[in-house]
Amino acid sequence: MKNKSLLNMPCPIAKSLEHVGEWWNILILREALMGVSRFDDFQHYLGIATSTLAKRLNALVESGLLERRRYCEKPPRDEYVITQKGLDFRPVLLTMMQWGNQYYADGKPAIQLVDTQTNQAVDLMLVDRNTNMEIDPQRHRSQAGPAADELIKARFE
């Protein structure tokens, strides 16, 4: 049974979930960001069924997060390369990784982000580029944006 499409919802989170919300999509993007590009390698690292992987890769290509490139004509073989849109998803994955390490790793993370200069673990935080201030619920809030429909506007009034 196919889930309801979220594309018609005005919320940017809902629209994003339409493209990356399926867990295999997120794990495929993780692998692509780590340099994996070949079908067999995705399958090896993820242990995913061939049909599911093919479907998910096609969806990620359609969404513009991956690009399909032919690397062999006979037999025809494609690789899946991360696009700029896919690269821009990296902070989301890193934030999920840090959150998972905090709540599910029992103090011993299996994967962590480190500074290449110091080899020290990184503690991520969200920062407003305009002010260089950390995002703080006491200082920052969500509000209806220029494209908000009446339902969203009413919600934030």
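**Exercise 1. Is Y104 buried or exposed, and which surface feature does Y104 belong to?**

*Solution.* Start with the class: Y104 is exposed, because its relative accessible area is 59% (buried is under 20%, exposed over 50%, partly exposed in between, with a 1.4 Å probe and protein chains only). Before going on, a word on the model: it is predicted, so local features need pLDDT of at least 70 and side-chain atom pairs pLDDT 80 or more, while totals for chains, interfaces and linings use all residues. Residues are numbered from 1 along each chain as its sequence is written, and side-chain values use heavy atoms, without hydrogens and water.

Next, the neighbours: W99, Y103 and Y104 make up a nonpolar surface patch with about 420 Å² of accessible area together. Patch members have over 30% relative accessible area and no salt bridge, and nonpolar side chains (Val, Leu, Ile, Met, Phe, Trp, Tyr) are joined within 5 Å, like charges within 9 Å. A salt bridge is a side-chain nitrogen of Lys or Arg within 4 Å of a carboxyl oxygen of Asp or Glu. Areas come from the Shrake-Rupley method with a 1.4 Å probe, and for residues only the protein chains shown count as cover.

Last, the location: Y104 sits in helix α6, residues 90–104. Helices (H or I, at least four residues) and strands (E, at least two) are DSSP runs, numbered from the N terminus.

**Exercise 2. Which residues of α2 are buried, and what do they pack against?**

*Solution.* In α2 (residues 23–33), the buried residues are W24, N25, I26, I28, L29, E31 and A32. They pack against α1 (12–20), α3 (39–46), α4 (50–62), β1, β2 and α6, where contact means heavy atoms within 4.5 Å. Now look at the ends. At the start of α2, a side-chain oxygen of E22 comes to within 2.7 Å of the backbone nitrogen of W24. After α2 comes G35, with a positive phi near 105°.

Note on methods. A polar contact is a pair of N or O atoms within 3.5 Å; within protein, one must be able to donate a hydrogen and the other to accept it, and residues adjacent in sequence count only if both atoms are side-chain atoms.
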